[in-house]
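Hi everyone, thanks for coming. I'd like to walk you through a few helices today, so let's get the model up on the screen.

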Amino acid sequence: MDDVQQEIDRLYKQHFGKMVASLLYSTREIDPATAEDIVQDSFSSALVDWRLKGIPTNAMGWIYKVCRNKALNKIKKDQRLQELSEKADHPPATIDFSESKLNDQQLRLLFACANPDLSPKTQVVITLKYVVNLKVEVIAKILGMTIDGVDKLLLRARQKIKDEKIILEEPHPQALKQRLSIVHKIIYLTFNEGYKSTGGKEIIKEELCEEALILSKSLLDSTLCNKETEALHALMLFNAARFKSRFAASGELLDLENQDRSLWNQDLIFLAHHYMTLSQSEIISNYHLEAAIACLHSTAASFGSTDWITIAKLYARLLQLKPNPFVELNYAIALFYAGDKPSAFKILNELQRHAFLSQYYLLNMALGRFHHIEGDDSLARQFLLKAFAQTNAPKEKDFIQNMINKLKVP
């Protein structure tokens, strides 16, 4: 790969989604699918031009200018065609599109995507697609949908957005506040997808987490920030502090018990504490509870000295507030390490009857680990083999295989 291609790839990864967001918010005349095509074409133009003339000093400024001009040409062409068919007069095409306004426009588009005229699932999907720039395959993985299902939803959403210009309307202040909860959810999903990723060329990984933190920080700096925003930011910072310890020098995936805690970023943990303190409120959200759990993990001197009893209690409260099988799985794990093993196994075995969870590798991996700890390596192997077959991520497979290799079975 030559230097120009490497630079284009780097800028594309960092700016493609943001440019689409900025372009959409700059004009009502361009729909999401067209905006994607224009930005894509701008990067293609850069690849051709830069190979002939070299990479310009202000590379992104160059791409933004080309993108702006392509968008203007598209608008003018559409206006001319409409004038010919309707004999209507239009004001000259203008577009306010610049790199300096990018982040603010991206945040505005994030709220625009949370329009109540769209279903909650559509709100999440179009934001992950157009604001965060996730691939359809990754969106399907996050939301537990099929790739075909995401494609069809996006097709319907694009048509509705184009016909009604929904996404291009700037919400009034009261509407912004009403949309804050869905924006929190989108940021939360974005961070989690990056954090739990363990391999594969389609995975954005840390960059995706950084994108979520940037969006969250933009919210914190705005007048829309509330206690849930601060709790969510604290939660993400606590987890981001462990980035460097999640993999061994050899590239092997490490679980929480085996991570080198000296690698945890204490500055991020301190900052997370700051936002957690700011988030204190009489109203406790799921982000408050999850941040408290992450805080207990981040401040424990070792895995064994972790306050698992309190963590289990926090998960119990979270289940009351936000009941779902994934939280229940984590609750069972916390109960096991807190010493209530019978209750843990009861919950895990009940989750085996859940249609989706029975096919979820983390459930079978937990059962395999716990049966190994309890001395039943034969049963542990059965669950670990299931878990191995249920994930396609190479590092996850290696991790599970290492667990299987440690079992004492014939």
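A quick definition before we start: buried means under 20% relative accessible area, exposed means over 50%, and partly exposed is in between, with a 1.4 Å probe and protein chains only. Please keep in mind that this is a predicted model, where local features need pLDDT of at least 70, side-chain atom pairs count only at pLDDT 80 or more, and totals for chains, interfaces and linings use all residues. Residues are numbered from 1 along each chain as its sequence is written, and side-chain values use heavy atoms, leaving out hydrogens and water.

Helices here are DSSP runs of H or I with at least four residues, numbered from the N terminus. Let's begin with α14, residues 308-321. Its buried residues are W308, I311, A312, L314, Y315, L318 and L319.

Next, α19, residues 394-405. Buried in this helix are E396, F399, I400, M403 and I404. Those residues fall within an arc of 140 degrees seen down the axis, so they line one face of α19. They pack against α9 (180-196), α17 (361-373) and α18 (377-389).

Technical notes: Helices (H or I, at least four residues) and strands (E, at least two) are DSSP runs, numbered from the N terminus. The expected span of a helix is 1.5 Å times one less than its number of residues. The arc is that of the directions from the helix axis to the C-beta atoms. Contact means heavy atoms within 4.5 Å.
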